[in-house]
Amino acid sequence: MSFRSIPIGAAIGLLLTFLFLAAAIFAPWLAPFGKAQIVGDVWAPMSSTHWLGTDNIGRDLLSRIIFGARTTIFIAVLATMLSFTLGAVLGFTAAVVGGWFDMVMSRLVDLLMAIPTLIFGLVVLSVLPTTIVTLILVMGILDSTRVYRLARAVAVDINVMDFVEAARLRGEGTVWVIFREILPNALSPLISELGLRFIYAVLFLSALSFLGLGVQPPEADWGGMVKENKDGIVFGIGAALIPAAAIAALAISVNLVADWVLNRTTSLKGGRG
Amino acid sequence: MARTPTKGRKDGPLLDIRNLRIEATVYPPGEQPRNVVLVDDVSLKLERGKVLGLIGESGAGKSTIGLSSMGFGRGGVRITGGEILLNGRDIRKGNTGDVRRLRGKEVCYVAQSAAAAFNPAHKLMDQVVEASVEHRVSSRAEAEKRAVEFFRKLSLPSPETIGDRYPHQVSGGQLQRVMTAMALCSEPDLIVFDEPTTALDVTTQIDVLAAIKEAIRDTHVAALYITHDLAVVAQVSDEIMVLRHGKLVEWGGTQQIIKEPRQEYTNALVSVHHIEHQEHAPGNKPLLSVKNVTASYGNSAIKVLKDVSVDIYPGQTLAVVGESGSGKSTLARAITGLLPPESGSVAFEDRTLANRLADRPRADLRELQMIYQMADVAMNPRQTVATIIGRPLEFYFKMRGRERDQRVAELLEKIEMGKGFADRYPAELSGGQKQRVCIARALAAKPKLIICDEVTSALDPLVANGILKLLLGLQKEEDVAYLFITHDLATVKSIADSIAVMYRGEVVRYGPKSQVLSPPFDDYTDLLLRSVPEMEIGWLEKAIQGRKMVGAGN
């Protein structure tokens with residue numbers, strides 16, 4: 001595979017995603033100021049020292065965006081990974097094993113999905129201490145219900161194909177059937193879902209932070225930053241728009257990459273075509 | 001149904017294709033995309049009311065040429081050269097609107113799989129009259145009247161009301177005839193039949209064929225009849241055109257093509273079915289013995305197997321014949337344990353096999369392998385050939401690394417495929433190659449019995465012939481027994497040692513091949529034998545007259 005074969009949209013997506021990831025990983029070295037350091041006036045305009053201006057209590061906005069990338073992406077990635085591992089494995093197992101396991105799991109998932117995610121998250125997080133670990137667990141488990149339903153639906157279709165029957169006739173166990181026969185064929189819908197789910201995780205985290213139940217100050221996080229600076233909008237100060245734009249940019253770039261990967265995994269010729 | 005010759009007819013041929021060239025872009029593995037020529041410099045002329053048969057194996061460009069007469073290229077195919085004159089005007093020069101007026105009015109299309117071509121959400125009548133109403137050929141009421149007449153002519157049951165049914169409520173053979181009625185309904189000048197009987201049972205094929213032939217004769221419509229079965233096309237065509245790799249091989253009258261072919265390739269097509277196979281007498285001790293097996297789906301609501309008993313001897317072939325729904329495949333499922341029998345038993349080399357698949361030890365599973373009809377879906381599309389063939393080696397013999405790769409190479413050699421195929425994915429193989437890989441996968445387990453479920457029915461005659469020869473060769477080398485499920489009696493004649501004829505879940509005739517295939521016949525075996533198309537003009541009429549019963553799928 002050569003770099004030239006990457007379509008332009010995917011290239012832009014890759015570049016932006018890479019920049020966000022670099023910002024997240026190297027935050028302490030990249031950020032010009034500390035994340036909680038008060039360095040200037042309240043809502044100072046953009047200048048050569050403060051490229052994006054300052055926030056509601058005079059912290060450098062660029063530094064906070066960079067540190068915010070760290071928390072936001074870290075939590076969203078872990079939560080998405082958790083939801084996919086949990087949802088896909090349980091969904092495939094339910095489809096392959098069937099019977100009571102399928103019944104119990106599916107009804108359990110229905111039960112969880114019956115309660116709106118945000119409200120459920122709010123209830124759980126207001127009871128439990130708001131640490132990053134609980135945040136990831138709550139987000140991951142709530143989101144895995146969606147993945148479970150998708151994975152099960154896809155696997156049920158694949159499970160009746162002749163090649164799965166051939167594997168069963170050979171005497172293969174459930175683990176082989178799930179991971180070697182079904183998973184590779186279910187990857188395309190799962191990856192397209194992955195891009196979407198990751199963004200939902202970012203938005204969900206931002207929503208929680210906005211409501212004050214997500215990442216706690218003085219930790220920087222994009223959703224929380226929108227909340228901190230929202231009052232400025234009334235005075236014509238756009239500081240809240242910058243973290244919002246960062247969320248949007250991340251959303252678009254991740255999905256550009258996911259679509260491209262999707263195109264490649266859909267190929268039945270090993271992506272050589 | 002007499003047509004008035006006043007529809008602005010011009011003289012000269014109805015369809016005149018000159019130097020047609022059709023191309024497509026392909027993306028071969030590891031290479032730059034390149035252009036391939038699918039149809040190269042093909043010219044044909046079709047007079048009004050005549051039938052031209054297009055014949056050749058897959059990839060010969062038959063369907064592509066057929067569709068080009070409607071100005072249509074399937075899946076990225078481009079018509080890049082030549083002229084297609086229909087009713088005297090070049091349809092390539094027309095715009096989208098012209099083409100739209102042409103399709104469904106002047107030229108209609110009958111697809112291979114009617115089941116896939118009908119919209120399952122609409123009633124048959126709505127779909128049959130759609131083109132007539134859309135093109136304002138006639139009012140809906142008139143079109144419906146005409147459709148009913150066609151239903152009657154095509155001898156569909158209850159022609160007045162069958163239009164109120166949905167596609168899934170009629171059988172495959174009936175659906176194919178409804179589709180023919182749909183094509184006839186808008187009174188086109190030309191109908192393109194794209195393998196209309198290939199997906200049907202032999203016993204049903206004969207009825208559909210007769211219906212199509214009669215309808216063509218009575219309506220004086222011209223037709224392009226596309227098929228890979230020369231015996232079938234000989235029954236309906238006035239002329240036959242043989243194609244290979246997109247080029248014309250031979251074009252002549254039906255009689256000349258089937259009796260005095262001038263080209264070697266045509267000769268190969270004409271004489272394809274002959275494989276000499278010496279029948280073996282049954283041995284003393286059967287390898288697999290099925291005793292009084294009864295099986296059913298859905299909590300014994302429908303019995304699909306009724307008291308079936310057959311024996312298979314080591315190194316021999318038992319052919320199970322019958323039409324769809326006769327329980328052939330269910331017998332295979334009962335033997336493999338996928339569908340545990342309700343009563344009766346399956347014994348393999350003196351030991352009784354467990355009824356359920358899950359209860360069988362690995363050794364039993366190894367000795368009984370299966371090859372499927374659709375090689376496409378019988379292999380995981382995400383695994384390479386090496387993985388597909390190598391897995392049974394790992395699984396049953398714990399072979400790893402070099403040893404396994406070596407054995408995979410040997411097996412590829414056995415199925416007459418070279419080394420270069422190990423890294424390919426199934427999507428990169430042709431139909432025949434896919435089936436060969438499936439055979440290699442079965443052989444890898446060193447089985448004593450292989451169940452072959454219609455393994456050649458999805459393949460072209462020449463390719464199928466190759467597969468049958470390969471299977472016979474392997475049987476000699478490996479001394480493996482086959483349970484060969486098929487509906488094609490020609491195949492049975494060339495490979496079987498003994499035959500079981502099944503009808504509605506029961507074995508109606510069973511014994512050594514020579515005995516089963518010699519008179520006196522019971523009615524059903526007689527029907528099956530008569531339904532196998534013969535390469536002879538007039539066979540169809542004789543067969544229809546001579547038979548004593550009608551197939552269950554009718």
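Chain A has 10 helices and 0 strands, where helices (H or I, at least four residues) and strands (E, at least two) are DSSP runs numbered from the N terminus. This is a predicted model, in which local features need pLDDT of at least 70 and side-chain atom pairs count only at pLDDT 80 or more, while totals for chains, interfaces and linings use all residues. Residues are numbered from 1 along each chain as its sequence is written, and chains are lettered from A and ligands numbered from 1 in the order in which they are written.

**Chain A overall**

- Read along the sequence, the pattern of chain A is α-α-α-α-α-α-α-α-α-α, and its C-alpha atoms fill a box of roughly 75 × 50 × 30 Å along the principal axes.
- Of the 273 residues in chain A, 40% are buried, a residue being buried if 20 or more other C-beta atoms lie within 10 Å of its own, exposed if 12 or fewer, and partly exposed in between, with C-beta atoms placed from the backbone.
- Among the contacts in chain A with a separation of 6 or more, 67% come from residues 24 or more positions apart; two residues are in contact if their C-beta atoms, placed from the backbone, lie within 7 Å.

**Annotated regions of chain A**

- An unreviewed UniProt entry places the feature "domain: ABC transmembrane type-1" at residues 69-258 of chain A, and this span is 82% helix and 0% strand, with its end C-alpha atoms 19 Å apart.
- The feature "transmembrane region" is placed by UniProt (unreviewed entry) at residues 6-30, 73-101, 113-142, 194-213 and 233-262 of chain A; such positions are given in the numbering used here, feature names are shortened, and annotations may be inferred rather than shown by experiment.
- Residues 73-101 of chain A are 97% helix and 0% strand, with end C-alpha atoms 34 Å apart, whereas residues 194-213 of chain A are 85% helix and 0% strand, with end C-alpha atoms 25 Å apart.

**Domains of chain B**

- Chain B is divided into domain 1 (15-270) and domain 2 (288-518), with bounds that come from an automatic or database domain assignment.
- The centres of domain 1 and domain 2 of chain B, taken over C-alpha atoms, are separated by 35 Å, and 9 residues of domain 1 are in contact with 10 residues of domain 2.

- β3(B) runs parallel to strand β8 (residues 222-227) of chain B, joined by 5 bridges, with Val51(B) opposite Ala223(B).
- β3(B) also runs parallel to strand β9 (residues 239-244) of chain B, joined by 4 bridges, and there Leu54(B) has Met241(B) as its bridge partner.
- Helix α6 (residues 172-185) of chain B has 13 of its 14 residues buried, so it is largely enclosed by the rest of the structure, and Glu187(B), which follows α6(B), has a positive phi near 50 degrees.

**An open sheet in chain B**

- An open sheet of 4 strands in chain B has the order β12-β11-β14-β15 with antiparallel pairing, two strands being paired if DSSP finds at least two bridges between them.
- β12 (302-312) and β15 (351-352) of chain B stand at the edges with a single partner strand each, so one side of each is left without a neighbour in the sheet.
- Strand β14 (residues 343-348) of chain B pairs with β15(B) in the antiparallel sense over 2 bridges, and Ala347(B) has Thr352(B) in β15(B) as its bridge partner.
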